[in-house]
Structure formats: C-alpha cells, structure tokens
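Hello,

Here is the structure I said I would pass on. Please look through it first; my notes on what was found follow below.

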Amino acid sequence: FFLLIWCLLFAAAAAMRLKLAKTLWGVDDASFVDRWDAMFARIRNEGFDAVEAIPLTFNMNPKMFRQCLDEHGLALIAQVHTSSAFDAEKGHYAYMTSRDVSVHKSSLSTLVDVAQGMGAVMVNVHGGCDCWETKDVHDYLQHAVQVAETKGITVSHETHRRRILYSPFAYRDCFLGDSEVARALDNVRVTADLSHWAVVCERVFGMPDSDAENGVDDWWPRVLADVSKRAALVHARVGFGEGPQVPDPTAPEYRGEVDAHMTWWESVWRTRAGAGDDVAWVEPEFGPAPYLWALPHTRAPVADLWRVNADMAKMVKERFERTKLP
C-alpha cells in the first residue's frame, strides 16, 4: 500500500505541468505604474503564473514592477528586441535599428543583462535580421549560446517575422543544414510562435483544407520535430494563410487553423516531456491592432483582446489535459 502511494506521488511530481504566461502586449494598464498592482492581481487570479514584458514597460519603475510581481507570485519572462532603441524625448520606440551582426550581438548581451537584473526566469529574443545569410545567423547564434551559458539563463529565440527565424525555410537552413556549425547549435532554444510561419508561407501546414489547396508539405514533420526539440516557450496565437492572428479562436470558421496549431503545440509538449522537462510554458499571445482586426474609419476592435487571450488560455488548458505525455 505504501509503495503504491509513493509511486503515485512520484508520478504526480514527475509529470509535466502547464504554466501560463500573460502577455502585457496590448494591455492598457501596463502603461500606468499606479495600475500595476491591480493588473497583476487580476492576472494571478485568472490562473497565470508569469507575465511577459519588454524593458520599455518594466523600466518605467523597475523596483515597483518587481515588487508587484513578487507580491502576486508571478514570474517574469523578459521579451527583448536586439538593436531596438527608445527615444524618450519623442516617445518613439524603434523595434530594430541595424542590420549589422556585431550590433545585434552586442545588443543581445546588454539586453540579457537587463533581463537578469529584473529577475527574469527566461529571455525571449526577437533577434537578428531576416536579410542575413545563414553564415551570419550562425555567427549570431553561436554568440547567443555563449551568452546563455555564461549568464546561466534560458535565452529563447522566437520564430518571428523580420528576424532570423522568420520562416520555416530559414529555420531549416539554420539548424538542419549539413554544416558543422549547424550541428553545433544543439543548445539553442526557441520560442515557437508558429503563427508567423503560417502567414509567411500563406498556408497552414497539415490542415486538411490547406493541404487540399496547396498540396502536402512533406518537409514539415522534420522541421516541426526540431522546433519541438528546442522549444522553451510556446506563443499560443493562431495564424492563418493571410495573417498572423485569427480574429477569434473560438469562431467555428477557424476551427481548422486552431486544430492545426494545437497539434503543433502538442508535439512540443510531448517532445519536451520526453526530454525530462517538468514545466511547459505557454503564453496566449493575441495582440492589439493591427494584429487584432479593427473596423475601417473608427478602428474599433472586432473582439475584446483580454477575453480572446482568456479564451485561448482555457482552450490550451483543456488540450494540455487531454494530451498523453510520455
């Protein structure tokens, strides 16, 4: 009897747990320091374990931001953009200012320091530039691996447009090529925001309707398997052939896209559980306009962004609970 109880307790402890992060992208209260406490309380009460924020947000008052996180039991995932710049006088944020590899390498080192200074558990990086040749991407990622190992923090590179992993083919050339460098990048972690790839390629890989229209992408299982092996974080946003974000993931007309993305995320969970991970980080990351559809002239949003991400969180929880993990 006691052996049975011990085995059950061990199995429960060893099972992978889902942890949800709340994006502060598009959350109006994040721009007002005096609203942070109530905002974080709401986020925690809705079942989230962390928030993802960029330095522009937490640098408004780093001490207060950290204090609010601690008071409400939330972790921080820092999202950083290499070669970004903020002009305080004009109030202008430049997402990317350079195409120079050395600038992005230096920027990454600085931004990881900033993230660690805030006590981040992970750094999600929009890194490099989509115009680079593969050799430049390898140079940048070799530096990134050194930074992650030296600093002792997970540095995860997002599959984001405009950046080095903007398409599945750029990803394939980077990690699945025959070069010795590609084979030496096993320690690179990625943030799987595969909605970007759907719009870049104008199709949703493995979705029956998409396959019927475009043919079967026989290269996709190999790429997905590698993404699943490397993924430290899933950005749970659903893209489609003409955009990075469906207007509402609960809408029946987007059931095919939602199911396809869920299948991709399941691949990540199973692979990482098999590798011994005890936590699956997932972040519903539907964003504001122009990602969120808006009506012409009035720019009124077609859906409530907070509700959309809450619905996505609920759908992710349900799918995760049904997923059979190793």
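Burial is used throughout these notes: buried means under 20% relative accessible area, exposed means over 50%, and partly exposed is in between, with a 1.4 Å probe and protein chains only. Arginine 272 counts as buried because its relative accessibility is 13%.

This is a predicted model, in which local features need pLDDT of at least 70, side-chain atom pairs count only at pLDDT 80 or more, and totals for chains, interfaces and linings use all residues. Residues are numbered from 1 along each chain as its sequence is written, and side-chain values use heavy atoms, with hydrogens and water left out.

Confidence

The predictor's confidence in each residue is given as pLDDT, from 0 to 100. The chain has a mean pLDDT of 95, and 96% of its residues reach 70 or more. Helices (H or I, at least four residues) and strands (E, at least two) are DSSP runs, numbered from the N terminus. Within the chain, confidence is highest in strand 6 (residues 122–126), at 99, and lowest in helix 1 (residues 2–14), at a mean of 50. Where pLDDT is low, the predicted coordinates should not be read in detail.

Salt bridges

Side chains of opposite charge can pair when their charged atoms come close. A salt bridge here is a side-chain nitrogen of Lys or Arg within 4 Å of a carboxyl oxygen of Asp or Glu, and by this rule the count comes to 19.

Arginine 272, the buried residue mentioned above, forms a salt bridge with aspartate 277 at 2.8 Å, N to O. Aspartate 277 counts as partly exposed because its relative accessibility is 21%.

Another salt bridge joins aspartate 70 to arginine 66, also at 2.8 Å, N to O. Both residues lie in helix 4 (residues 62–71), 4 residues apart, which is about one turn of the helix. Aspartate 70 has a relative accessible area of 51%, so it is exposed.

Aspartate 29 and arginine 35 meet through their side chains at 3.1 Å, N to O, in a salt bridge. Aspartate 29 is partly exposed at 31% relative accessibility, and arginine 35 is partly exposed at 36%. There is also a network of salt bridges that links Asp193, Arg237 and Glu285.

Cysteines

A disulfide is a covalent bond between the sulfur atoms of two cysteines. With a disulfide taken as a pair of cysteine sulfur atoms within 2.5 Å, a search of the whole structure finds 0. For cysteine 201, the nearest cysteine sulfur is that of cysteine 174, 16 Å away. Cysteine 201 is buried at 10% relative accessibility, and cysteine 68 is buried at 2%.

Methionine 207 sits in the loop between helix 9 (195–201) and helix 10 (208–214), and is buried, with a relative accessible area of 9%. Leaving aside neighbours within four places in sequence, methionine 207 is in contact with Gly256, Glu257 and Ala260. Methionine 207 and alanine 260 are 53 residues apart in sequence, while their C-alpha atoms are 5.7 Å apart in space.

Glutamate 202 is in the loop between helix 9 and helix 10. Glutamate 202 is not a glycine, yet has a positive phi of about 60°; its relative accessible area of 47% makes it partly exposed.

Aspartate 226 belongs to helix 11 (residues 220–230) and is buried at 7% relative accessibility. Residues up to four places away in sequence not counted, aspartate 226 touches Tyr171, Phe175 and Leu176.

Two other loops

Arginine 162 has a positive phi of about 80° although it is not a glycine. Arginine 162 lies in the loop between strand 7 (154–158) and helix 7 (168–175) and is partly exposed at 45% relative accessibility.

The loop between strand 10 (279–284) and helix 13 (305–322) holds tryptophan 293. Proline 290 is found in the loop between strand 10 and helix 13, and the peptide bond to proline 290 from alanine 289 is cis, with omega near 10°. Tryptophan 293 is partly exposed at 36% relative accessibility.

Regards

How values were computed:
Contact means heavy atoms within 4.5 Å.
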